[in-house]
Amino acid sequence: MKLQIGKPCAWLIIILCLIGGHESLFAQTDADAIMMAKNNYCSGIMYGNSQWDQYWEGTLKRNNLNLGTVSTQMVGYMGNYGLSDKLNVLFGLPYVSTKASAGTLHGQQGLQDLSVWVKWMPYEKKLGKGTLSLYGIGGYSLPVSNYIADYLPLSIGLHTQNLSLRAMADYQVGNLFATVSGTYVARSNITIDRTSYYTTSLHLTNQVDMPNASSYSIRAGYRSDRLIAEAIFDSWITNGGFDITRNNMPFPSNRMNASTLGINIKYTVKAVQGLSLIGGGNYTLAGRNVGQATAYNGGVFYILDFTHKQKKSTPTSNKK
Amino acid sequence: MKKMIGLILFMAIALAALQFSCAKSISGRTDNLAPLNPAKTDTGAGNWQTILLAGPTDFPVAAPLPVNNPLYVAELNEIKGFQKNLSADDQAKIRYWGAGGVLRWNEIMRELVAKYNLPPYQNTDGTYPFPSSANPFAYPLFPFANPPYAARAYAYVSAAQYDALVAAWYYKKLYNRPAPYVVDSTISAKLPKTTLPSYPSEDAVLAGVTVEMMKLLFPDEIAYIQQKADEEEESRIKAGVAVRSDIVAGEALGRQVADKFIARARTDKAGAAAGTQTDWTGFVTTTTARGETPWVSLETPARPPMLPLFGNVTPFLFPAATTATLRPGPPPSTSSTQMKTETDEVYSYIKNPTRDQMRIVQFWADGVATYTPPGHWDAIAAEDFINQNFSEVRWARNMALLNMSLMDAAIVCWNTKYFYFNPRPTQMNPSIKTLTGIPNFPSYISGHSTFSGAAATILGYIIPARASAYSAMAAEASLSRLYGGIHYRSDCAIGLTTGQAVGNYAITRAKADGADN
């Protein structure tokens with residue numbers, strides 16, 4: 001689906017930190033089947049909050065009276081620009097803070113990772129009663145501050161540079177749609193402040209080999225020019241890594257897996273052209289070496305049209 | 001055209017991703033060391049002063065067969081058989097152990113300490129289980145290798161290795177059996193050649209003594225340790241630097257020396273260091289009676305204090321009665337203005353820590369699941385010793401001096417902690433959140449500072465050119481606890497000087513042990 005002013009701007013959805021955050025906080029920004037029209041720029045501010053008091057120590061679910069509830073808050077700026085109707089560039093930059101309600105550990109805060117995606121829709125055709133569109137999304141993220149990764153579960157991120165490749169398909173019939181996508185994330189090694197650490201053996205180095213990861217996502221719901229409401233299932237799998245041992249602290253190269261179920265709603269305000277509001281939440285159904293988080297988020301977005309030669313309301317070829 | 005741009009972009013990202021994955025392999029700082037090639041063979045080390053042995057001949061080692069004996073020739077043939085097809089794995093093990101047995105065993109110990117340095121999870125009724133050496137495989141696994149436990153373990157193994165190698169050097173000189181590659185030039189030395197006699201094998205001595213010590217210290221790991229010992233011994237035969245009888249004699253000597261240290265360890269009072277409920281309550285009563293606020297555990301549920309009677313353990317470098325004389329005077333009273341000022345100072349550090357302060361805190365934290373501060377100093381020392389080209393016996397002597405200092409520092413520090421039972425900064429002001437975990441024992445004096453003061457002092461004697469670097473490291477390690485909100489400044493400062501006093505005992509010993517003549 002392609003859109004311009006007067007239509008909802010692209011989903012900018014957030015998955016918040018699990019046990020210290022897996023991938024970027026904007027893991028899902030690129031995972032919807034919506035393109036900005038050429039020369040349109042949609043941007044906005046998002047707030048997100050995530051909390052857990054139960055987590056998986058390896059596969060063992062437990063609480064920790066010396067952490068209580070671990071909460072993460074995030075404020076981020078995000079944007080999506082249409083280079084063409086079929087090629088968009090997206091970015092996001094969050095400020096993150098963490099804290100634990102019990103115990104003595106100091107919370108952390110800071111600017112986290114800058115993410116940039118290129119989103120390409122090479123194919124969009126009528127198929128049966130609906131429209132099938134295919135997408136390829138490539139992303140890169142890098143830490144923009146020297147935050148501590150090796151301070152889980154209260155670090156604000158894992159401090160890897162990530163390269164991601166996502167393939168996505170969307171099918172829409174009338175106002176009903178379904179989107180599936182699969183992603184591979186290559187992660188760089190990280191450097192930590194200490195000169196040795198133990199995983200399943202002792203490492204005499206400050207470099208940590210961060211396992212790569214993959215994820216898939218299924219989403220379905222209602223989508224019109226003014227309203228989008230969808231349910232989302234996400235699964236994040238770390239390809240390698242090790243389990244937290246009994247009563248140990250987590251470590252960045254743990255095998256962090258999580259399956260989450262959530263909803264998102266986006267509403268485009270009638271009275272103000274280009275303005276939209278979004279909100280959503282999700283819950284971690286199952287996991288490994290991560291917190292069982294409940295997360296919610298909300299945001300305000302606005303579309304600017306830099307196509308001066310055209311009238312702003314001229315629709316492009318997005319009608320099915 | 002646009003399709004092309006998209007395609008090119010994706011190809012670029014895919015290529016970059018590939019690059020990412022390929023560039024990931026990481027090697028440790030000591031993975032690919034050059035083989036140990038001692039600057040001096042220390043042929044006279046058989047006369048160096050031993051620690052527990054009365055002298056190098058406490059345990060007899062029989063004279064070896066002469067090199068023209070058919071049984072010795074058969075042993076040469078064993079080497080030749082191995083050397084006909086050395087696998088890549090054989091070569092890797094020759095290289096690994098070739099860097100030095102004292103070094104590798106120290107690394108293996110550090111690994112086990114890190115693996116076992118995990119506080120037990122509480123029982124459902126809020127009490128805590130204790131690891132039991134009688135049932136080491138039941139949760140919580142034995143041992144909980146916390147800093148005092150680790151310091152003592154490193155010290156016993158290092159001291160036993162030293163005594164065993166002094167004895168080995170004595171017999172090497174006495175019997176003067178040359179290395180196999182000297183006897184038979186068709187045997188190739190896969191490691192640097194030396195004039196040091198090969199009987200008994202120093203590597204087998206190390207393997208034997210360490211295996212026996214580790215049975216006591218890490219009973220869950222006996223199979224793993226035995227495998228490492230076998231690898232070490234086998235690698236020396238395959239390398240052409242020892243024959244089977246060098247190995248057999250060395251291992252037997254090592255095991256016997258270990259028995260002497262094990263007997264000491266069983267009676268050094270460490271077994272009773274956990275104390276009982278009566279002891280734990282006693283600290284509170286005594287401290288309260290002095291008009292001071294007693295320490296409380298900041299964990300939930302409250303955990304009994306860590307090894308409160310470790311201060312009674314028999315030290316290596318001075319008599320047990322000396323421990324109390326090394327204990328510093330009291331910390332500022334918990335009701336004093338100075339205590340308030342020092343607590344405020346801690347709060348000022350954790351309120352807005354700089355990234356560099358956080359780095360220092362993390363660098364020296366050495367908390368749960370690490371090889372502890374004594375292990376960190378072992379790592380610092382080992383990586384410097386590598387560049388010194390010490391002989392194995394000198395390696396062992398220097399590690400023993402360091403680790404005896406660290407153990408005795410733990411004894412004096414723990415003695416002080418439980419004598420004063422002083423609260424942590426966070427207990428005085430709960431808004432002090434810490435940048436690393438708060439250890440579960442009283443504040444005064446700082447363990448990190450005491451360990452670091454002791455280690456920097458003896459290391460500065462061993463490598464004088466690095467003395468100022470060591471004291472700078474010790475000062476940073478000490479202050480890291482203030483930056484992290486773990487300790488008051490006086491805990492750190494007095495811990496450092498107390499540690500230095502312990503380190504001076506090691507220097508006194510070092511000056512007299514014959515190694516520096």
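The radius of gyration here is taken over C-alpha atoms, and the globule rule is 2.2 Å times the number of residues to the power 0.38. This is a predicted model, in which local features need pLDDT of at least 70, side-chain atom pairs count only at pLDDT 80 or more, and totals for chains, interfaces and linings use all residues. Residues are numbered from 1 along each chain as its sequence is written, and chains are lettered from A in the order in which they are written.

**Exercise 1.** Work out whether the radius of gyration of chain B agrees or disagrees with a compact globule.

*Solution.* Start with the rule: for 517 residues it gives a radius near 24 Å. Next, take the value for chain B, 26 Å, which agrees. Then look at burial: 60% of the residues in chain B are buried, meaning under 20% relative accessible area (1.4 Å probe, protein chains only).

**Exercise 2.** Find the strands of chain A that bridges join to β21(A).

*Solution.* Strands are DSSP runs of E with at least two residues, numbered from the N terminus, and two of them pair if DSSP finds at least two bridges between them. Begin with β3(A) (residues 40–52), joined to β21(A) by 12 antiparallel bridges. Finally, inspect the hairpin of β20(A) and β21(A): five residues lie between the strands, and Asn289(A) in the turn has a positive phi of about 60 degrees.

Methods. Heavy atoms only, no water. Buried < 20%, exposed > 50% of the residue type's maximum accessible area, 1.4 Å probe, protein only. Helix = DSSP H or I, 4+ residues; strand = E, 2+ residues; numbered from the N terminus.
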